[in-house]
Amino acid sequence: MRQAARNFAEKWAGQSGEKQLAQSFWQDFFREVIGVPDLMVAGIDFEHPVRTERGSIGFIDVLWGGVVLIEHKSAGKDLAAAMQQARGYLRVLPRDLSTPFIIVSDFARFRILDVVLGTEVEFALADLPDNLDRTIAVFADYNARATRYEVAVDRDAGEKMARLYKAFEAEGYTGHEVSVFLVRLLFLLFGDDTGMWRKPKAFEELVDGQPADGSTLGPVISGLFAHLNDPNPPANIPDGYKPFPYVNGGLFAESIRTFYFTKPMRDALLDASSYNWASISPAIFGAMFQTVKTKAERREFGEHYTSEANILKVIGPLFLDEFTSRMVKAWDSKNDLRKLRAEIGRKTFLDPACGSGNFLLVAYRRLRDLELKIITRLAELEGNVGAVGLEGTGDLAVVLSLGQFHGFEIDEWSSQIATVAMFLADRQANIAMEQIVGSSPDRFPLKETAHIHNVNALRVDWAQLVPMSDDTFIFGNPPFYGSTNLTSDQKSDQAVVWHGVRGFGDLDFVASWFLLAGKHLHKTSGRSALVSTNSITQGQQPPVLWGELYKFGVDIDFAHRTFAWSNAGGDEAAVHCVIIGFSANPKPRRRALWSYAHPKGAPVRVEVPRLNAYLLDADNLLIRARSSPLQPSTPLLDYGSKPTDAGLLSNIKPEEAARIRRADPVAAKYLRRVVGAHELINGDERYGLWLVGASPTDLYTSSELKDRVGKVRDFRLASPKPKTRADASRPAEWQEIRQPQGPYIAVPLVSSERRPYIPMGVLSDGEIANNLISAVPSASMFAFGVLSSRAFVIWAHAVSGRMKSDPRISNTITYNNFPFPDEGEGWERIASAAKGVLDARALFPTATLAALYDDLSMPSALRKAHADLDKAVLNAYGLRANTSEVGVLEMLFDRYKTLTEGLLAKSSKKTRTRRS
C-alpha cells in the first residue's frame, strides 16, 4: 500500500492542474492507494449536486456518503477557502450522506479535516507515503461505516412490515386481496413521510383517530381507498380524507373487500405509521418480502434479493458506466448533454424475473440521479444556478419515465410490491430534485407507471409485452435452481423454452432466461446482463447453453467470475454466482473481466479481447463429454467399483473388521481396505469384503459371509430398479466392478478449491477403489505428475462441474478432454519430478493428504517438489514456469482446439510466447 502511494505521488507530481483532471486523480487514488476495486459499487459519486446555503446550485467534486467529502481545486488555489466551501456543502447534505471527514486538495497538497474532532492535518503530495496511516484512517472500515445506517434502516422497516403482515395472517386474511391491501398501506405510509398529502402525517393521524379496538378502522380505510380513486369527490367528504389528493393510476382502481381490524392489527399499523419511511433504500422492498414470507415460500419461487452493490455490478457495465462517462465528457457542452439525456429517455429497461423490483428500482434511481446532474449542469451553463422555484420545462424537465421500465414476475405479491415500489422510487427522485433545482414534476393523478406484468416469463412472448430494439436492456437475477431441484411445473416450463434441445435437462433453471434474452435481442444492438449460479459456466452446461446462443450470434461482453452471493434481506443466499453481460452486436473491442482470488474477496478488473463460455480469455470452444481420452496415448480414467449393497460388503468399520478377524478366519481372508475420496484425503480406515473369485466353499461355510451375502441379495431384490434386482443373482460381488489390476492412481471426484493442488494417491490393487474416486491403471509417474500439476488444477477449475465452488473431476469432461503434453524428453523430467513429490510426502509419514495439501499447513519441501513438477510440466508444453493462469489456460484451450481439429503435428515443439 505504501508503494502504491509512492507510485501515485510520482505519477501526479508536477500536475499544475487543469481541474478537469481531478476525477482521474481521485479515481487513481481510490483504486491504487486505498484499494477500492469499483468506485460506483462502493458509492463514490463525482460532481454530486447540492442546493447551497445561499440558494445556488453547487457540485461536490467527490462525495462518498458516510465516509468522506472531497473538494478539489487547481494547483495553487487557496485550500482554506476550499475547506470553507466543503464545510458549507456538508451542512446542507442529508443525514444519510453526511461524512465524518473532509479532504481538500490542489494536486500538490492534501488537507484532511476530522469533522467530529475538529482537527486538521496538511501535507504535500510527495509526503503521501509518510502520511499513509492518517490517510487510511479516513477510509478504515469504510464498507461498514458507509452502509451501517442504511442496513439498520432497512431491517427495521422490514420488521415493521412483517409484523403487519403477520397480524393480518393471524386473523385468517390471506391471498390476492391482502396483497393489494398491504401494498396500498405501504404507499400511504410512504406518502405520510414524503409530502404527498396536503397535511403531514395525514394517514397516521387518520389511523390514530380510530378506537383502540380497531373496530372502525377497516371501513375508514376502505372509504379512503375509494376517495383516492375518485377524480370528483363530493364536497361533504369526511375531514380525515380532505388532505388526500386523487391518486388512481391503477393503484386504487380495483375494488377489494373491507378488512375488519382487531387491536393487534391496528397496533401493528400504528407502529408502522410512526416510522419514517422517507429514507428507505430500494433494497428494502426485497428485504421486506424476504422477512414476511417463509423460507420455504422463498425457495419455491427461487427468490434471492440482491444487494445494491451487486446490482451495480450488473447495470454498471451494462449501461450506467457508459452513460456516466459520456456525461463527464459532455460536461461543458450543452448540446452534448441534451443529446445524452434524450438518448436515455429512449431506452427500454426489462427485468424478466423482477421479484419485488430491486434491479428496476436501483436502475431507475441511478438514472434519475444522472439526469439530475445533467439538469443542474444545464442550469449552471445557462446561468440559472441561483434560481429557486424553477419550472420543470425544457432543460429542467424530467425526460426519464417510469414507463420505460418493465418487469415480469410470476408471484403476485412480488409484482404488487414492485409496482408500488417504482412509484415510491419516483417520489424519492422528485424530492431530491426539488431540494436542488427548486421544483419537480407533480405526479398526481398518477398517469404513468412501470409495466410490471404478473406472468410466467417462460410461457409468454417477451416481445409482445416489451419493445425489443437497439435501445433495449435486459437485466436481472433469475431464479437459482439446479436441474435436480426443479418442480414438475418448472421442468415443463424449461421444456417449452428449449424445444427438445439435447441436454437441456442438465441445465440450471436460469439458463432459460439467458436463451430467451439472447433470442429476443439477436437481431438488435440491445444488450443483456444476468446473474447466475456459477454452474452454468462449468461442466456440461456451457456446450448446451452456448451451443444455442452462438447460433444467434450472441457472445459475452463482460463478466464477473465466481463470487459469493450477498443480499439485503434477512437471510443470505448460500450460492456462488457469476454475472454475464452478452449481446449479438456490435461487440466491444475490449471486454471487462472481474476475477476474485476468493469468492468473498474483492474483484480485480482486467480487459481482454475475448471471453468464452467458461469466462476465459480464449476461443469460443465448448468442451463436451467424451467417452475416451482426447489422445490415444492417454491412459484411461474410470470410476471405482460401485457396491449397491447397503454397506454390507463395502462399509465395514475398523472395529468390525477386527471382530471378523477374531471370529471368522474364512471371512477375514477377503477383508480389504476400501478407499473413497474421504478415506484417500483424510486417511480414515474403512474395510470391505472383496469376494470376486471367492471360493464357493468359503461362501457356504462362513457364517459371516453367508449372512452378509444373503442380506445383499434381499436388499437388491427390494430395489425399484430392474438392473439392481437382476444383480441380486450375484450377491457376493459388488454391483459394478472396475478394480484395476496392479497399482493405480486414485483421483478424488471432488477437491476443495482451497487446495493449491488436487491430492491424488498411488495405491495397490489390494486397496479397493469405490465409486467416490476414479482410478488410472498402471500408475505411471508421468500421468501422476501431469494430474498432480498446476496445469491440471487450472484446467479442472475452468471446465469441471462444481459442488458449491469445489471442482468435480469428471472422467468424461475434465480428464478425457485434457490435452496432455506431447511425448518426448519432457515426459522423463515430469516422471522424475512426480517421484520427487512422492518422496516429499514420505518425509511426513503420519500426515494425511488433507494436512499435506491444505494451503496453510503444506510443508515447504512438498511445495518445492510441486514447484519443480509444475516447471517440468509447463516446460513440456513450451511455457515458462511463471506463466500466469490465464496464459496456461490460453495454451490448453489452443492445444485442445488443435487436437480436436486433427491438426496436431507429432513432432511439433514450437514454443509460443504467452502472458506471464
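Which strands does H15 lie across, and at about what angle to E1 does H15 run?

1. H15 lies across E1 and strand E2 (57-64), running at about 55° to E1. Helices (H or I, at least four residues) and strands (E, at least two) are DSSP runs, numbered from the N terminus. Axes are lines fitted to C-alpha atoms, for helices over the stretch in contact, with angles from 0 to 180 degrees between N-to-C directions.

2. A word on the source: this is a predicted model, where local features need pLDDT of at least 70 and side-chain atom pairs count only at pLDDT 80 or more, while totals for chains, interfaces and linings use all residues. Residues are numbered from 1 along each chain as its sequence is written, and side-chain values use heavy atoms, leaving out hydrogens and water.

3. The six strands form an open sheet in the order E1-E2-E3-E4-E5-E6, with mixed pairing (two strands pair if DSSP finds at least two bridges between them). At its edges are strand E1 (44-51) and strand E6 (119-124), each pairing on one side only. From one strand to the next, the twist averages 25°.

4. Strand E5 (residues 109-114) pairs with E6 in the antiparallel sense over six bridges. Arg-109 has Ala-124 in E6 as its bridge partner.

5. Phe-319 touches Phe-349, Ala-363, Leu-367, Phe-473 and Phe-475, not counting residues up to four places away in sequence (contact means heavy atoms within 4.5 Å).
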